[in-house]
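Here are my notes on the model, in numbered points. Please read them with the structure open.

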Amino acid sequence: MRLIFIRHAEPDYINNTLTEKGFREAEILKPRVLKWKVDRFYTSPLPRARLTAKPALDALKREATIIPWIQEFYYPITDPTTGKKEQVPWDFMPEYWTKRDRFYDRNRWYEDDIFRTNPDYEPAVMNLRQGLDDILRDYGYTRDGGMYLADPEKTRDDDETTVVFFAHLGANMEAVGYLLGISPIVLQQTVYLAPTSVTILNAEKRREGKAMFRAQCIGDVSHLLAAGEPVSAFGAFSGIHQS
């Protein structure tokens, strides 16, 4: 089984839509999506994710299921370094987050005191985990600690079974961290997902009845580069390599 997480195209946050470049990126993404044999599409309810999915879905005459639990994690906290109210609970300065051992804990990062200042964050994490596991259970994968039990009948010959999520930088990292056993706070701080970037996780069944997800690529933007479209730096704090 294959899970594909796509970050939305370049956003126009003020007007709750995409920029002109963002609409162009979504069109460039479309041919790549059309090559996939997708069993189910899911999208965040936020317009920037749904607009990113629209060109491909329209061409396929398909619809995506809207799942609120994968919308962006807007759970404001006060940045302990700058004193500013941050809209997302992970844009910490390196001198702060690298010294918080709990942030590296794949099981308990959300128990750190800073996250407890917004009581809505932990339930959102649990909802996302539960949402992913409910979908995977439909395909025969049942969570067992840090891995999955794979039903031998339901998961047989399912390497090309593909589920696609159109979502957001932070929410995608929450999902990827859970599936790979890595604290999403570390991923959010150290991995950049450009607009319309593609992250692919494959379920590897090396022993019958047992499965683990493994990343084939994280944040791939080859469709943009092939089309000569610059990679957007929305969400990055440095220049972005363009080749």
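1. Accessible areas here come from the Shrake-Rupley method with a 1.4 Å probe. On that basis the protein chain exposes about 11,800 Å². Carbon and sulfur atoms supply 49% of that area. Keep in mind that this is a predicted model.

2. Overall build. The protein chain holds eight helices and 12 strands. Its radius of gyration is 18 Å, close to the 18 Å that the globule rule gives for 243 residues, so the chain is as compact as a globular protein of that length. The C-alpha atoms fill a box of roughly 50 × 45 × 30 Å along the principal axes.

3. Of the 243 residues, 50% are buried. Take the contacts with a separation of 6 or more: 63% of them join residues 24 or more positions apart.

4. A helix pair. Two packed helices are described by the angle between their axes and the distance between the axes. For H5 (residues 121–138) and H6 (residues 169–180), the angle is about 65° and the axes lie 10 Å apart. The crossing of H5 and H6 is right-handed.

5. By class, the contact of H5 with H6 has nine nonpolar residues, three charged and no polar.

6. Tryptophan 90. This residue sits in the loop between strand S7 (85–86) and helix H3 (94–97). Is tryptophan 90 buried or exposed? Its relative accessible area is 5%, and buried means under 20%, so tryptophan 90 is buried. Leaving out residues up to four places away in sequence, tryptophan 90 touches Glu72, Phe73, Gly170, Ile185, Gln188 and Gln189. Glycine 170 is 80 residues from tryptophan 90 along the chain, yet their C-alpha atoms are separated by 8.3 Å.

7. Lysine 61. Its phi is near 55°, a positive value in a residue other than glycine. Lysine 61 lies in the loop between helix H2 (47–60) and strand S5 (65–66). With a relative accessible area of 75%, over the 50% cut-off, lysine 61 is exposed.

8. Threonine 196. Here too phi is positive, about 65°, although the residue is not a glycine. The place of threonine 196 is the loop between helix H7 (184–190) and strand S11 (198–207). Threonine 196 counts as buried, at 0% relative accessibility, whereas lysine 61 is exposed.

Conventions: Residues are numbered from 1 along each chain as its sequence is written. This is a predicted model: local features need pLDDT of at least 70, side-chain atom pairs count only at pLDDT 80 or more; totals for chains, interfaces and linings use all residues. Side-chain values use heavy atoms; hydrogens and water are left out. Axes are lines fitted to C-alpha atoms, for helices over the stretch in contact, and angles run from 0 to 180 degrees between N-to-C directions. Helices (H or I, at least four residues) and strands (E, at least two) are DSSP runs, numbered from the N terminus. A crossing is left-handed if the near helix is turned anticlockwise from the far one by less than a right angle, and right-handed if clockwise. Ala, Val, Leu, Ile, Met, Phe, Trp, Tyr, Cys and Pro count as nonpolar, Asp, Glu, Lys and Arg as charged, and the others, Gly among them, as polar. The radius of gyration is taken over C-alpha atoms; the globule rule is 2.2 Å times the number of residues to the power 0.38. Buried means under 20% relative accessible area, exposed over 50%, partly exposed in between (1.4 Å probe, protein chains only). Contact means heavy atoms within 4.5 Å.
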